[in-house]
Amino acid sequence: MHANPNDQTLSVQGINKRYGTFQALNDVGIDVKRGEFLTLLGPSGSGKTTLLMSVAGFIQPDSGRIMLGAQDITFAAPEKRNFGMVFQGYALFPHLKVRENVAFPLKMRGIRGAAATKSVAEALELVGLADKGERYPRELSGGQQQRVALARAIVFQPHLLLLDEPLSALDTQLRGQLQTELKRLHRAVGLTFIYVTHDQGEALSMSDRIAVMKDGRIVQLGAPSALYNRPANRFVAEFLGVENFLPERLTGRQGLLAVRASALSLAGKAGRISARVSDLDYHGAEIRYTAQTECGLSLRFNLSLRDAAHVPQENENVTLDWQEKDALPFPAA
Amino acid sequence: MRILANPMLRYWLLIAPALLAMAVFYFYPISHVLWMSVTLPEPGVSNFESLAASRSVQRMLWTTLRIAVLSTMISLILAYFVAYVISTVDERRRRLLFMGVVISLWISVLVRAFAWFALLRNDGLINQALIGMGLIDRPLPLMWNEFAVLVGMVHYMLPLAILPLYSGMQSIDPRLVAAARGLGASRMTAFWKIWFPLTLPGVFAASILVFIYSLGFYVTPALLGGGKKMMVAEYIKVQILEVVNWGLGSALATLLLIFVLVTLAIVSRVVDLRKVFGAG
């Protein structure tokens with residue numbers, strides 16, 4: 001059909017999707033660059049999965065277009081799009097062996113025999129499961145099942161790979177390990193990845209670009225460092241883990257000032273904020289504090305035990321300060 | 001009361017009444033029937049010899065097997081559609097459809113057989129309607145034949161087939177079909193390669209259940225077959241109550257029992273029977 005399908009970029013143009021009175025997608029537009037790792041990040045109900053499913057072809061938008069290169073695929077059947085997909089919970093076929101699961105998309109494309117066997121072996125090799133081909137999915141661990149799902153989604157060299165919260169069912173340690181592996185895989189196969197998650201850490205560590213979604217809209221789109229350092233509004237800042245929002249009367253400047261717990265520190269007598277410690281949690285090398293100001297604002301700050309001259313206890317009065325370079329000003333929200 | 005301290009003993013005491021009732025009212029009569037088949041009118045296997053020699057018995061057994069196989073197949077196909085629909089519609093419709101299935105299970109088999117009477121008779125609803133529309137001038141022979149027996153039996157067996165099929169389908173992750181399509185399978189291929197194989201344990205369970213029920217079915221074949229198409233259960237009743245040939249009747253009952261047990265034994269090599277009958 002096309003000389004090199006990977007030359008085509010995916011372009012989502014002003015799509016809307018409504019369920020009754022609920023606007024799941026509200027005029028969403030985004031161009032996905034060739035070979036990039038794009039993450040759709042947002043809380044549940046933000047529209048990120050609806051957007052992914054529209055791209056996959058399982059949901060038809062009410063209006064707008066989805067283009068693959070010059071081709072309008074808005075209403076194309078899922079099986080005609082040639083996209084790889086990794087589902088939440090993997091969706092491996094339980095009655096087929098690992099090898100047969102991975103061979104399934106090849107079989108659907110009429111690829112059989114030696115060519116298929118070779119591709120399956122390569123895909124399993126790529127995810128480190130070369131020796132598990134004859135097993136059934138239920139005989140594998142969660143992490144291994146996840147890798148099979150990945151192998152199955154890339155074995156037929158799809159135009160792009162869609163991943164719907166693929167790591168959400170795994171424990172923290174395994175998740176970190178698979179994040180690294182996914183990044184390696186992304187570099188190795190050079191495919192375009194569209195990745196859905198509600199985990200900001202996952203998004204920040206893996207993505208080339210992140211689209212933060214809220215109420216069916218993309219509220220900010222950019223590289224992880226851009227989002228982290230210059231969140232466009234309070235929602236994005238909070239979602240990316242900014243804990244403190246200081247009002248005008250504490251800072252003496254217009255609008256809100258966002259300061260991370262890691263950037264707020266104990267400051268002898270010269271600090272600009274005084275507060276009383278209400279709670280503290282030990283996290284190995286650091287202590288995470290919650291403190292209340294006189295006007296009832298709750299603040300979070302961290303103290304590294306290594307360079308702490310004094311460790312405040314509960315109900316102790318402290319003064320806090322921050323450096324301007326670590327603070328993010330917002331227009332009043 | 002020291003005896004009750006043993007937990008195993010307490011469990012046995014709990015099931016003892018049911019066990020006793022089964023022994024007295026079920027196992028004793030059955031073993032009595034088995035005993036009669038080799039003792040009446042005289043000890044020996046003469047009853048089984050005459051069964052093997054009789055053409056009419058062979059014809060009747062063949063009819064029984066054919067009707068059981070046919071009604072199992074037809075029930076399974078129809079039930080598969082119903083179970084599929086129930087497992088895919090929304091919650092409200094599912095409850096409604098489920099009610100329909102269970103209610104038809106609760107209506108007496110006798111009432112249902114007589115309802116078919118009203119529909120299938122020569123002056124029944126169907127024939128009257130067809131004649132009224134001028135499509136036929138003589139009533140179609142819908143009653144007292146194999147067709148009527150099959151209709152009645154399939155009607156009875158449907159819920160028995162739907163329930164195990166549905167329970168099997170319900171446990172299938174609906175994302176599997178979506179995954180298959182995302183990987184390039186058409187609707188039909190996704191159904192045949194993914195959905196259908198995953199429903200096979202349910203199909204198997206439903207088949208065994210319906211087939212065994214059909215083999216020994218009495219009321220519906222007796223009423224709708226009108227004595228012309230006799231199945232084994234009715235033949236046994238005729239032998240015992242009308243011909244008063246206890247030996248031959250109990251020999252047939254023994255044969256039926258053995259056939260069912262052998263079927264189950266073969267099947268149990270392939271599937272876990274406890275799952276088929278709803279345990280585990």
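Leaving aside residues up to four places away in sequence, Ser250(B) touches Val33(B), Met36(B) and Ser37(B); contact means heavy atoms within 4.5 Å. The structure is a predicted model, in which local features need pLDDT of at least 70 and side-chain atom pairs count only at pLDDT 80 or more, while totals for chains, interfaces and linings use all residues. Residues are numbered from 1 along each chain as its sequence is written, chains are lettered from A and ligands numbered from 1 in the order in which they are written, and side-chain values use heavy atoms, with hydrogens and water left out.

**Exercise 1. Chain B as a whole**

Task: state how many helices and strands chain B has, and what share of its residues is buried.

Solution. 
- Step 1. Chain B has 13 helices and zero strands. Helices (H or I, at least four residues) and strands (E, at least two) are DSSP runs, numbered from the N terminus.
- Step 2. Of the 280 residues in chain B, 38% are buried. Buried means under 20% relative accessible area, exposed over 50%, and partly exposed in between, with a 1.4 Å probe and protein chains only.
- Step 3. The C-alpha atoms of chain B fill a box of roughly 80 × 70 × 35 Å along the principal axes.
- Step 4. Consider the contacts in chain B between residues at least 6 apart in sequence: 70% of them join residues at least 24 apart.

**Exercise 2. Two serines of chain B**

Task: is Ser250(B) buried or exposed, and which backbone oxygen lies 3.0 Å from a polar atom of its side chain?

Solution. 
- Step 1. Ser250(B) belongs to helix H12 of chain B, residues 246-270.
- Step 2. Ser250(B) counts as buried because its relative accessible area is 1%.
- Step 3. The oxygen in question is that of Gly247(B), 3.0 Å from a polar atom of the Ser250(B) side chain.
- Step 4. For comparison, Ser214(B) lies in helix H9 of chain B, residues 187-215. Its relative accessibility is 0%, and therefore Ser214(B) is buried.
- Step 5. A polar atom of the Ser214(B) side chain is 2.7 Å from the backbone oxygen of Val210(B).
- Step 6. Beyond four places in sequence, Ser214(B) touches several residues, including Ala68(B), Thr72(B) and Met231(B).

**Exercise 3. A buried arginine**

Task: name the nearest side chain of opposite charge to Arg94(B) and its distance.

Solution. 
- Step 1. Arg94(B) is part of helix H4 of chain B, residues 91-106.
- Step 2. A salt bridge is a side-chain nitrogen of Lys or Arg within 4 Å of a carboxyl oxygen of Asp or Glu.
- Step 3. The Arg94(B) side chain reaches the backbone oxygen of Val89(B) at 3.1 Å.
- Step 4. Outside four places in sequence, Arg94(B) is in contact with Ile86(B), Ser87(B), Val89(B) and Tyr166(B).

**Exercise 4. A phenylalanine of chain A**

Task: explain why Phe301(A) counts as buried.

Solution. 
- Step 1. Phe301(A) lies in strand E16 of chain A, residues 298-304.
- Step 2. Phe301(A) counts as buried because its relative accessibility is 0%.
- Step 3. Among the residues that Phe301(A) touches, apart from those up to four places away in sequence, are Leu264(A), Ile287(A), Tyr289(A) and Val318(A).

**Exercise 5. The interface**

Task: give the area buried between chain A and chain B, and find which residues form a salt bridge across the interface.

Solution. 
- Step 1. The contact takes 22 residues from chain A and 17 residues from chain B.
- Step 2. About 1,600 Å² is buried between the chains, 71% of it given by carbon and sulfur atoms. Buried area is the accessible area (1.4 Å probe) that two parts lose on being put together, summed over both.
- Step 3. Across the interface the rule finds one salt bridge. Arg181(B) forms a salt bridge with Glu79(A), with the closest N and O atoms 2.7 Å apart.
- Step 4. On the side of chain A that touches chain B, helices H2 (98-108) and H4 (142-154) of chain A each supply at least two residues. H2(A) gives the most to that side, with four residues.
- Step 5. Buried residues of H2(A) include Val98(A), Val102(A) and Phe104(A).
- Step 6. The cover over the buried residues of H2(A) includes H3 (113-126) and H4 of chain A, together with H8 (175-182) and H9 of chain B.

Note on methods:
Lys and Arg count as positive and Asp and Glu as negative; His and the chain ends are not counted. A polar contact is a pair of N or O atoms within 3.5 Å; within protein, one must be able to donate a hydrogen and the other to accept it, and residues adjacent in sequence count only if both atoms are side-chain atoms.
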